[in-house]
Amino acid sequence: MKTPKTPIEFDYDLWTTEDGRCMVRVKITGEVTEVDREVMKALRAEEKRIRRALRSNEGTVKDGIAHQPRTFSLSAVSENEMEKSDWLVDPTSDFANVEARLFVESAMEMLSPLEQEIFSSCLLGEMPIRQFAERNGMRKSTAWDMANSIRKKLQEIF
């Protein structure tokens with residue numbers, strides 16, 4: 001099975017198998033995984049945008065505002081650009097939203113029901129851990145320990 005070439009600036013190789021499965025390979029690690037169609041659409045859209053930006057190799061004008069090309073790969077970031085924050089997220093892309101949603105879904109599968117509640121209410125939501133503990137009749141230190149345990153577990157996995 002032959003995978004198409006993607007721009008060097010793009011961090012993934014994308015292809016669809018003969019049986020219709022959507023496949024992604026992370027270039028830096030070589031890890032290959034199957035993804036759903038929604039993720040593949042987002043990755044393809046990002047790849048196309050990179051190709052267009054590379055072809056033009058200059059800024060574009062949209063709605064009368066000049067836009068400079070952005071850096072699309074962390075390996076292509078210079079030290080001067082590291083100090084700027086605009087290279088972190090492209091506000092015109094839903095790619096970050098899809099990644100975040102997939103992270104949350106994966107995380108929820110690995111947590112117990114109580115950990116899921118703390119994760120969604122306190123770590124993702126805006127409920128203070130102290131308030132969560134009071135509402136659920138648990139000691140504050142226990143809730144803090146569980147929240148820290150969740151953070152550690154997710155850091156090790158992701």
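How many helices and strands does the secondary structure of the chain come to? The count is six helices and five strands, where helices (H or I, at least four residues) and strands (E, at least two) are DSSP runs numbered from the N terminus.

**Before you start**

This is a predicted model, in which local features need pLDDT of at least 70 and side-chain atom pairs count only at pLDDT 80 or more, while totals for chains, interfaces and linings use all residues. Residues are numbered from 1 along each chain as its sequence is written, and side-chain values use heavy atoms, with hydrogens and water left out.

**Stop 1: the whole chain**

Begin by colouring the chain by pLDDT, the predictor's confidence in each residue, from 0 to 100. The mean pLDDT is 76, and 67% of the residues reach 70 or more. Now select residues 60-62: this is strand β4, which has the lowest mean pLDDT among the elements, 52. For the other end of the range, select residues 129-135, helix α5, where the mean is the highest, 92.

The elements run β-β-β-α-β-β-α-α-α-α-α.

Switch to a surface view if you like. The chain exposes about 11400 Å² (Shrake-Rupley method, 1.4 Å probe), and carbon and sulfur atoms supply 51% of that area. Of the 158 residues, 28% count as buried; buried means under 20% relative accessible area, exposed over 50%, and partly exposed in between (1.4 Å probe, protein chains only). Contacts, meaning heavy atoms within 4.5 Å, can also be sorted by sequence distance: among those between residues at least 6 apart, 40% join residues at least 24 apart.

**Stop 2**

Select residues 12-16 (β1), 22-26 (β2) and 32-35 (β3). Together these strands make an open sheet in the order β1-β2-β3, with antiparallel pairing. β1 and β3 stand at the edges with a single partner strand each, so one side of each is left without a neighbour in the sheet.

**Stop 3**

Zoom in on β1 and β2, which pair over five bridges. Thr16 stands opposite Cys22 in β2. Five residues lie between the strands of this hairpin, and Gly20 takes a positive phi near 90 degrees.

Now move on to β2 and β3, which are joined by four bridges. Click on Cys22 again: its bridge partner in β3 is Val35.

**Stop 4**

Show the side chains. A salt bridge here is a side-chain nitrogen of Lys or Arg within 4 Å of a carboxyl oxygen of Asp or Glu, and the count comes to eight.

One of them joins Arg25 and Asp13, whose closest N and O atoms are 3.3 Å apart. The pair links distant parts of the chain, with Arg25 in β2 and Asp13 in β1, twelve residues apart. Is Asp13 buried or exposed? Asp13 counts as buried because its relative accessibility is 13%, whereas Arg25, at 23%, counts as partly exposed.

**Stop 5: a salt-bridge network**

Finally, select Asp19, Arg21 and Glu34, which are linked in a network of salt bridges. Arg21 meets Asp19 at 3.7 Å, N to O. Asp19 counts as exposed at 59% relative accessibility, and Arg21 as partly exposed at 36%.

Arg21 also forms a salt bridge with Glu34, with the closest N and O atoms 3.7 Å apart. Glu34 lies in β3 and Arg21 in the loop between β1 and β2, so this pair ties together parts that are 13 residues apart in sequence. Glu34 counts as partly exposed, at 45% relative accessibility.

Methods: Two strands pair if DSSP finds at least two bridges between them.
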